[in-house]
Amino acid sequence: MGPLELSGGTLRYICLSTLLLQPPELQPSLILIDEPELGLHPFAITLLAEMIRAIEGDKQVIVATQSAQLVSEFDPSDIVVTETEDGLTTFNRLDESQLGDWLDEYSLGDLWLMNHLGGRRAR
């Protein structure tokens, strides 16, 4: 199969895998990825999260996402929620102790979908 015969999600996964699985000395020290989950099979999102976690100690990885499934693959301390209000942007790292008992019953993705984590524009 040539690249023209592959789906957009497959091509995206190949590109992300190439970036995240190459030897550390060939990777940049900072990796920014915008919405990597687009077009990926749900299981591929889990594999993507594993690849990100595997390099996070050596590299700084910043991922912008709106995917509840991808958010659920990480710990609260890994998540930074961006808020914009009155033209000001703040960045807030989630605090597991503030999430309390919510995490006993819900995943981070569930809490994201319920708007419990923030990140939505105030109206």
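## Chat about a predicted chain

Reader: How much of the chain counts as buried?
Author: Of its 123 residues, 29% count as buried, meaning under 20% relative accessible area, with exposed being over 50% and partly exposed in between (1.4 Å probe, protein chains only). This is a predicted model, where local features need pLDDT of at least 70, side-chain atom pairs count only at pLDDT 80 or more, and totals for chains, interfaces and linings use all residues. Residues are numbered from 1 along each chain as its sequence is written, and side-chain values use heavy atoms, leaving out hydrogens and water.

Reader: OK, what's the average pLDDT?
Author: The chain averages 91, and 97% of the residues score at least 70; pLDDT is the predictor's confidence in each residue, from 0 to 100.

Reader: New topic: how many helices and strands are there?
Author: Six helices and four strands. Those are DSSP runs numbered from the N terminus: helices are H or I with at least four residues, strands E with at least two.

Reader: Which residues of β1 are on the covered face, and which on the uncovered one?
Author: In β1, residues 30–34, I31 and I33 are on the covered face, while L30, L32 and D34 are on the uncovered one. In a regular strand, side chains alternate between the two faces of the sheet.

Reader: And which strand is β1 joined to?
Author: Five bridges join β1 to β2 (residues 60–64), and the two run parallel; strands pair if DSSP finds at least two bridges between them. The partner of L32 in β2 is I62.

Reader: Why does I62 count as partly exposed?
Author: Because its relative accessibility is 41%.
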